[in-house]
Amino acid sequence: MSLALPAGRTTGRTKRRPNYRLRSALVETVCLAFAAVLVIWSLLPVYNMVLIALSEHSAVFSGEIFPWDPSFHSFYVVLTQGFWYLERFWHQFGNSFFIGLMTMFLTLLVGTLASFTIGRMRIRHGWLLTNAALLTYVIPASFLAIPFYRIMQNYGLSNNPWSVIAAMVTFATPYAIFIFQQYGKSIPLELDESARIDGASPPQVYFRIYLPLMAPSLVAVGTYALLLAWNEYLYQFLLLSSKNSMTVSVALAQFMNSDEAPWNYMMATAITYAIPPIVIYYAFRRHMAAGLTMGGVKG
């Protein structure tokens with residue numbers, strides 16, 4: 001026997017369903033609007049850089065929101081070093097690559113050796129070394145700038161790219177050790193034991209078994225270290241002063257020394273300098289995601 005509802009009456013479910021749909025649509029609209037504002041806010045400085053780079057020097061402060069007569073002359077001047085601030089551009093670009101590549105190589109070397117020694121050689125209380133290295137991040141890098149400057153000056157490394165490399169490796173290595181150690185836990189120890197039974201020495205296990213299986217994390221941490229050194233400014237500004245030793249990021253600040261800064265050349269230089277890290281990131285982004293997510297799970 002069923003009881004029919006009186007005409008005009010509805011259940012609580014049918015009343016709540018339209019309200020739920022309306023509330024869900026309202027939340028989605030607000031989220032989309034907020035996301036659009038964030039995207040515009042993030043891309044506006046980049047668009048301003050491109051706008052200035054494509055404009056002539058006389059039209060930089062014209063207030064136009066679109067380059068009606070775009071010109072790639074600024075990029076041509078940068079690539080041909082046709083301005084006296086850019087007379088050593090490619091040499092400084094090479095300095096940036098040298099610092100970035102050496103930072104990446106030394107970070108991978110120190111990080112993999114430390115994680116292999118702690119995780120695969122089963123050193124007692126090895127976790128203390130990992131935690132002690134991570135504790136260095138408690139002190140902000142900016143606080144260590146002056147002590148680093150004094151140390152490099154005492155050792156005769158002032159105005160030398162190796163001083164920046166040493167500083168960058170110091171900041172990147174603790175993170176690298178943590179990621180490598182966590183990622184290494186996914187590699188069975190039985191592989192090492194089997195190799196040692198076959199007569200493999202620890203260096204052979206490191207080069208032939210450990211490193212090949214750590215490839216995703218190597219790509220992730222290597223890209224991180226390279227981009228860290230590439231985007232660094234404070235330590236490069238403090239430790240590199242001559243035009244032959246400085247990088248592009250430091251040389252860009254030299255554009256502000258004149259009474260009338262060539263903004264179009266400066267923006268073209270900044271865009272040119274930003275292309276390599278963008279290419280590197282998008283080339284290895286899948287490997288970075290795989291390496292960081294696998295290494296970031298503790299267990």
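Mentor: A contact here means heavy atoms within 4.5 Å. Keep in mind that this is a predicted model. Among the contacts in the protein with a separation of 6 or more, 75% join residues 24 or more positions apart.

Trainee: How much of the protein counts as buried?

Mentor: Of its 299 residues, 36% do. The accessible surface of the protein is about 18400 Å², and carbon and sulfur atoms own 68% of that.

Trainee: How far apart are the C-alpha atoms of L101 and G222?

Mentor: They are separated by 8.9 Å, although the two residues are 121 residues apart along the chain.

Trainee: Now salt bridges. How do you know that R88 and E87 form one?

Mentor: The rule asks for a side-chain nitrogen of Lys or Arg within 4 Å of a carboxyl oxygen of Asp or Glu. In R88 and E87, the closest N and O atoms are 3.2 Å apart, so the pair passes. The structure holds one salt bridge.

Trainee: What is the general idea behind such a pair?

Mentor: Side chains of opposite charge can pair when their charged atoms come close.

Trainee: Are R88 and E87 buried or exposed, or something in between?

Mentor: In between. R88 sits at 29% and E87 at 42%. Those values lie between 20% and 50%, so R88 and E87 are both partly exposed.

Trainee: What makes a space inside the protein a cavity?

Mentor: A 1.4 Å probe fits there but cannot get out. By that rule we count three cavities of 30 Å³ or more. The largest cavity has about 60 Å³ of space.

Trainee: Which residues line the largest cavity?

Mentor: Its lining is Y85, E87, R88, Q92, K243, M246, A251 and Q254. By class, that gives three nonpolar, two polar and three charged residues. The salt-bridge partners R88 and E87 are part of this lining.

Trainee: And what about the second largest cavity, how much space lies in it?

Mentor: About 40 Å³. Y85, L86, F89, Q92, V248, A251, F255 and T269 line this cavity. Helix 3 (89-119) and helix 11 (248-251) each supply at least two residues of that lining. Sorted by class, you get six nonpolar, two polar and no charged residues.

Trainee: Last topic, backbone angles. What makes the phi of Q81 worth a look?

Mentor: Phi of Q81 is near 55 degrees, a positive value in a residue other than glycine. Q81 belongs to the loop between helix 2 (73-79) and helix 3. With 28% relative accessibility, Q81 falls between 20% and 50%, so it counts as partly exposed.

Trainee: What is the phi of N159 near?

Mentor: Phi of N159 is near 60 degrees, again a positive value in a residue other than glycine.

Trainee: Where is N159 found, and why is N159 called partly exposed?

Mentor: Look in the loop between helix 5 (145-154) and helix 6 (161-184).

Terms used: Residues numbered from 1 in each chain as written. Predicted model: local features only at pLDDT ≥ 70, side-chain atom pairs only at ≥ 80, totals over all residues. Heavy atoms only, no water. Buried < 20%, exposed > 50% of the residue type's maximum accessible area, 1.4 Å probe, protein only. Areas by Shrake-Rupley, 256 points an atom, 1.4 Å probe, with all protein chains shown as cover. 1 Å grid on protein atoms, 1.4 Å probe; cavity = no way out; pocket = protein on both sides within 12 Å on 5 of 7 lines; lining within 4 Å. Points joined across faces, edges and corners; volume = space filled by probe spheres on them. Nonpolar A, V, L, I, M, F, W, Y, C, P; charged D, E, K, R; others polar. Helix = DSSP H or I, 4+ residues; strand = E, 2+ residues; numbered from the N terminus.
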